[in-house]
Protein chains: 2
Amino acid sequence: MKVNLNHQLNDPNCKGVEILSIGTELLLGNIVNTNAQWISEELSLLGLNHFRQSTIGDNSRRISKLINEISSRSNLLITTGGLGPTPDDLTTEAIAKSFNAELSEREYLWEEIKKKLSLSSTNLNSSLKKQCFFPKNAQIINNPRGTAPGMIWEPIKGFTILTFPGVPSEMKAMWKETAFNYIKKNFSDGNIFFSNTLKFSGIGESTVSEKIDKLLKLENPTVAPYANLGEVKLRITARAKNEFEARNLIKPVKDELRNEFSKFIFGENNDSLSSVLIKELIKRKESLVFAESCSGGLLSSSITSIPGSSQVFKGSIISYSNELKQSLLNIPENLIKKFGAVSEEVAEAMAINAKEKLNSDWSIAISGIAGPSGGNKEKPVGLVYISISGPNDHITNIKKIFSSTRNRLEIQRLSVNVCLNSLRLILLSKSK
Amino acid sequence: MKVNLNHQLNDPNCKGVEILSIGTELLLGNIVNTNAQWISEELSLLGLNHFRQSTIGDNSRRISKLINEISSRSNLLITTGGLGPTPDDLTTEAIAKSFNAELSEREYLWEEIKKKLSLSSTNLNSSLKKQCFFPKNAQIINNPRGTAPGMIWEPIKGFTILTFPGVPSEMKAMWKETAFNYIKKNFSDGNIFFSNTLKFSGIGESTVSEKIDKLLKLENPTVAPYANLGEVKLRITARAKNEFEARNLIKPVKDELRNEFSKFIFGENNDSLSSVLIKELIKRKESLVFAESCSGGLLSSSITSIPGSSQVFKGSIISYSNELKQSLLNIPENLIKKFGAVSEEVAEAMAINAKEKLNSDWSIAISGIAGPSGGNKEKPVGLVYISISGPNDHITNIKKIFSSTRNRLEIQRLSVNVCLNSLRLILLSKSK
């Protein structure tokens with residue numbers, strides 16, 4: 001799941017940008033560090049060389065030591081956290097200490113803070129004053145969403161620090177208002193990174209990687225595989241002067257991949273199996289219903305999570321009990337007795353009856369054993385039967401045995417993926 | 001949200017644990033680093049001194065350099081990422097290089113990988129073999145959920161590395177099965193952190209925090225609030241010699257909270273609204289069905305995600321279209337015409353008819369506008385009607401208008417929470 005950025009990563013002496021997240025709550029695992037991810041994405045857009053991230057607690061000596069370390073190997077440091085009014089907010093002080101600098105008060109900032117707080121009618125509190133102290137030659141980053149400003153400071157030649165609060169909404173507002181343009185002007189070489197992601201279903205990450213060994217070694221654009229549960233993605237990233245040039249670099253690689261993997265590629269970027277399927281059914285003016293047993297509503301839910309799904313999805317019967325398989329879907333009791341509720345015969349009858357009863361063009365039925373209990377030697381946990389019924393008496397039956405390492409939710413999710421991808425492939429083969 | 005851990009954080013010479021997350025996708029901002037947060041939480045539970053986290057890309061030389069750096073200041077390093085089969089998976093190699101060690105093949109691991117993959121009937125592929133190479137004296141961490149094992153390796157005296165894949169489900173399974181006990185035995189100082197989490201529904205985070213100002217200032221145990229969508233948690237954490245002592249520290253705080261918030265607290269630790277509700281219905285030997293419209297299967301899915309739900313949950317009708325509301329749930333056409341599908345009248349009829357038709361003790365119906373389109377001035381996006389029907393002609397009708405800042409999925413999720421919590425409260429008031 002990696003990107004080869006040899007043109008920038010292979011020279012260990014090349015200086016770059018680092019991110020430092022400050023806060024004991026991060027080390028305790030109380031919160032997820034979404035700030036680092038957001039800033040990383042912004043740095044990518046700016047085409048900057050970003051090699052390393054660190055996280056440290058609210059301890060002045062440790063922060064100072066780490067800042068010194070970073071100043072010896074990088075040009076630009078972005079910090080988040082520790083700018084607030086509480087005794088644990090130590091970032092500005094600790095940074096100043098790293099370079100033996102003094103902090104002095106900016107009086108106009110205190111006036112601004114007082115103004116901001118009377119606006120939001122909070123009580124004034126002297127500890128807030130701390131937020132007005134900065135090194136003498138630091139430039140202030142205005143905080144349009146809170147009281148704690150940040151700074152842009154070059155304590156030694158060739159090393160600049162930008163500080164931001166840890167509150168994501170404040171950090172992002174300050175980044176957009178001030179930092180983005182400052183960094184673009186002073187640190188970007190004019191190039192951007194631009195990405196396109198191709199999404200695969202029905203094929204494993206290692207099979208994809210092996211077939212495109214050559215592409216994975218490209219330098220611009222780079223090609224990187226990722227895998228989620230039941231889904232593989234290839235991200236193609238180009239470094240170029242602008243989006244147009246980047247798209248031109250990406251296009252031949254994308255064409256080659258589409259040629260090699262054709263039907264395995266279901267979409268790009270924000271597409272999901274559900275959204276692609278809905279789009280196709282809207283185009284064909286065909287409707288869809290489900291009869292769910294072991295997936296228990298997850299198949300319906302994955303379709304109805306997409307805006308506009310009501311144009312093609314009419315509804316489902318979730319017949320979790322055998323009683324409801326009989327009463328709602330008219331599955332004969334003796335069919336269940338003879339083959340079991342988890343069988344090709346019952347899944348097929350569920351699909352055919354759901355299509356008829358719910359008056360739809362297509363139906364998918366699913367019956368299986370999601371576990372953890374309910375399995376036996378003949379029918380183990382992970383056994384799933386899927387049946388797809390469509391126009392002109394179309395029937396496709398699928399049997400899957402998911403690995404015994406999979407838990408209940410994974411078996412449900414993987415089953416749903418197979419349902420959606422199988423219908424997608426059937427529609428492709430029956431293009432209207 | 002800071003915790004004062006001065007007893008461990010103030011000595012900058014004290015050695016400790018570090019986490020290193022490896023993957024260029026993290027530096028590019030493609031994914032959020034949830035692994036570091038999860039491991040941090042686990043290290044807290046083990047009472048370990050954890051001072052620093054780093055993130056680095058898939059570059060062998062940079063990884064080696066950083067590992068050397070960490071080995072000079074820490075006792076224990078946890079790495080995630082870079083154990084897979086692709087050429088960019090470099091972690092084991094890079095770590096070995098840091099200490100000039102050779103990698104050699106463990107043949108039994110290759111047999112295991114082949115076994116695992118034939119189970120899920122994927123094609124075998126030689127690049128997978130890379131995952132069988134480790135330093136000679138490394139101990140293997142079995143991966144019960146995937147093909148890439150990790151290792152426990154002490155390359156130099158006083159410095160141990162544990163490696164994990166980046167896939168969260170695999171990393172967590174390996175941690176629980178092997179790493180947790182290994183670290184506890186070899187690195188814990190005898191004190192542990194032990195936590196109990198109380199879970200709230202139907203009350204906001206700021207209301208909870210305001211009422212327990214005093215408790216939030218406690219030092220042992222500490223009390224920390226968290227909020228998810230529609231759910232508030234209070235985590236009570238004690239540091240003590242053992243679990244028994246920790247529980248004794250936690251108990252009076254928990255009692256005070258249970259006293260203050262009583263019915264708002266629905267459970268503890270791993271409880272969810274669904275699991276609590278299922279447990280209660282099993283106790284009462286009562287069954288449950290749903291008639292879902294705007295939630296589109298999410299209510300059913302949240303119940304069937306819980307093992308054992310089939311003991312009480314019989315099934316649902318997802319009547320997404322008005323046509324199916326009529327044909328499957330016998331909602332009169334003129335009722336829909338008169339009041340609209342999103343109305344108290346239709347929701348109530350859906351609940352009553354579902355209960356009867358699906359032959360259940362309880363039923364919940366839900367009809368609303370999840371958006372982004374379909375709303376108007378009278379019936380805006382976010383308007384949801386819920387109706388609960390139970391024994392002895394019990395009916396509860398609920399109207400909710402969720403904020404216009406909520407998106408489709410949030411409205412669906414919040415609606416599901418209200419359904420589950422409302423039935424929970426009804427059952428509480430009708431204790432058997």
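I'll start with one residue in chain B. B:Asp393 has 7 C-beta neighbours inside 10 Å, so B:Asp393 counts as exposed. This residue sits in the loop between β16, residues 383-390, and β17, residues 394-401, of chain B. B:Asp393 is not a glycine, yet its phi is positive, about 55°.

Before going on, please keep in mind that this is a predicted model. The predictor gives the complex an ipTM of 0.80 and a pTM of 0.79. For chain A the average pLDDT is 91, and 95% of the residues score at least 70. Where pLDDT is low, the predicted coordinates should not be read in detail.

Back to the backbone of chain B. B:Ser262 also has a positive phi, about 25°, although it is not a glycine. Where is B:Ser262 found? It is in the loop between α9, residues 243-261, and β12, residues 265-268, of chain B. Is B:Ser262 buried or exposed? It counts as exposed, because it has 9 C-beta neighbours inside 10 Å.

Next, the cis peptide bonds. In chain A, the bond from A:Asn220 to A:Pro221 is cis, with omega near 5°. A:Pro221 lies in the loop that runs between α8, residues 205-211, and β10, residues 222-228, of chain A. In chain B, the bond from B:Asn220 to B:Pro221 is cis, again with omega near 5°. B:Pro221 is in the loop between α8 (205-211) and β10 (222-228) of chain B.

Now the layout of chain A. Which domains is chain A divided into? Domain 1 covers 6-187, domain 2 covers 192-268, and domain 3 covers 273-429. The C-alpha centres of domain 1 and domain 2 of chain A lie 35 Å apart. Their contact takes five residues from domain 1 of chain A and five residues from domain 2 of chain A. On the domain 1 side, α1 (6-9) and α3 (34-45) of chain A each supply at least two residues. By class, that side of domain 1 has one nonpolar, four polar and no charged residues.

One residue of chain A to locate by eye is A:Lys114. It is placed in helix α6, residues 107-119, of chain A. With 14 other C-beta atoms within 10 Å, A:Lys114 is partly exposed. The reason is the cut-off: a residue is exposed at 12 or fewer such atoms and buried at 20 or more, so a count in between is partly exposed. A:Lys114 and A:Gln53 are 61 residues apart in sequence, and their C-alpha atoms are 35 Å apart in space.

Last, the contact between the chains. How many residues of chain A are in contact with chain B? There are 77 from chain A, in contact with 78 residues of chain B. By class, the chain A side has 28 nonpolar, 35 polar and 14 charged residues. Strands pair across the two chains: β14 of chain A, residues 313-319, is joined by five bridges to β14 of chain B, residues 313-319. These strands run antiparallel. To find the pairing on screen, look for A:Ser319, whose bridge partner in β14 of chain B is B:Gly315.

Technical notes. Residues numbered from 1 in each chain as written. Chains lettered and ligands numbered in written order. Predicted model: local features only at pLDDT ≥ 70, side-chain atom pairs only at ≥ 80, totals over all residues. Helix = DSSP H or I, 4+ residues; strand = E, 2+ residues; numbered from the N terminus. Domains from an automatic or database assignment. Contact = placed C-beta atoms within 7 Å. Nonpolar A, V, L, I, M, F, W, Y, C, P; charged D, E, K, R; others polar. Pairing = 2+ DSSP bridges. pLDDT = per-residue confidence, 0-100.
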